[in-house]
Amino acid sequence: MAVELRPAGRSDRDYVCMAAAEAFARLGHYEGILGGWFDHAGVTTVLACVEGSRVGFVMWAFVQGPGLAGASPVADVVALVVDPAWRRRGIGRALLRCALRQAGALAPVAFSHRAELSVADDNLAAAALFRSEGFEPRPDADTRYPGGQRCLRLGRPLNAP
Ligand SMILES: CC(C)(COP(=O)(O)OP(=O)(O)OC[C@H]1O[C@@H](n2cnc3c(N)ncnc32)[C@H](O)[C@@H]1OP(=O)(O)O)[C@@H](O)C(=O)NCCC(=O)NCCS
């Protein structure tokens with residue numbers, strides 16, 4: 001199975017919104033939320049495709065603001081989704097690594113040293129992936145998704161060995 005990772009374009013917006021709506025339905029109105037992020041110039045979205053069909057995406061951005069560690073911007077992995085039929089084949093890990101590689105390459109100009117992301121506290125599959133890529137919980141963070149679900153904030157150095 002050959003998985004192609006490519007930058008998202010305008011024509012991918014509907015796919016990204018629908019995939020997010022399905023994956024995050026219990027967490028809030030993510031079709032609209034991700035649509036807004038997709039349109040933002042500072043947000044990068046990468047698609048995973050198999051034989052030309054979209055099977056997942058990752059979205060990330062440098063962000064700075066309340067609730068985020070330290071004064072420097074962090075590379076925030078905003079969303080990572082693989083279509084249910086394509087899970088457990090390494091696509092999620094490949095997308096995550098792609099986002100971290102892209103952010104790491106820009107880290108010096110963004111004055112960023114750290115990657116962070118949020119994950120629902122009962123999302124064991126995603127937490128296992130993130131921990132296996134070096135992410136650790138930030139004990140100082142206590143946040144919730146728009147739907148009220150508690151989430152963990154995980155982080156790691158951006159250019160980890
Ligand atoms: C989380 C998600 C992106 C993982 O995608 P994936 O393509 O299935 O992940 P991979 O095949 O690359 O798996 C990587 C690791 O994640 C962990 N993992 C993935 N699915 C798992 C599951 N169902 N149970 C336990 N661990 C799991 C494993 O550690 C796995 O490594 P291994 O296969 O060597 O054991 C996918 O399950 C998904 O889209 N979930 C819904 C959206 C979501 O929760 N996103 C994360 C928050 S933004």
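Select E51 first. E51 sits in the loop between β2 (44-50) and β3 (53-63). Strands here are DSSP runs of E with at least two residues, helices are runs of H or I with at least four, and both are numbered from the N terminus. This is a predicted model, where local features need pLDDT of at least 70, side-chain atom pairs count only at pLDDT 80 or more, and totals for chains, interfaces and linings use all residues. Residues are numbered from 1 along each chain as its sequence is written, and side-chain values use heavy atoms, with hydrogens and water left out.

Now look at the backbone of E51. Its phi is near 50°, a positive value in a residue other than glycine. Most residues other than glycine have a negative phi. Is E51 buried or exposed? E51 is exposed, at 80% relative accessible area. Exposed means over 50%, buried under 20%, and partly exposed in between (1.4 Å probe, protein chains only).

Next, select R88. Find R88 in the loop between β4 (74-82) and α3 (91-110). The phi of R88 is also positive, near 65°. R88 is exposed, with a relative accessible area of 87%.

Last stop: the rings. The structure holds three aromatic pairs. Select one of them, W60 and F62: the pair is edge-to-face, 5.2 Å centre to centre, with 90° between the planes. Rings of Phe, Tyr and Trp (its six-membered ring) pair if their centres lie within 6.5 Å; planes under 30 degrees apart count as stacked, over 60 as edge-to-face and the rest as tilted. W60 is buried, at 4% relative accessible area, whereas F62 is partly exposed, at 25%.
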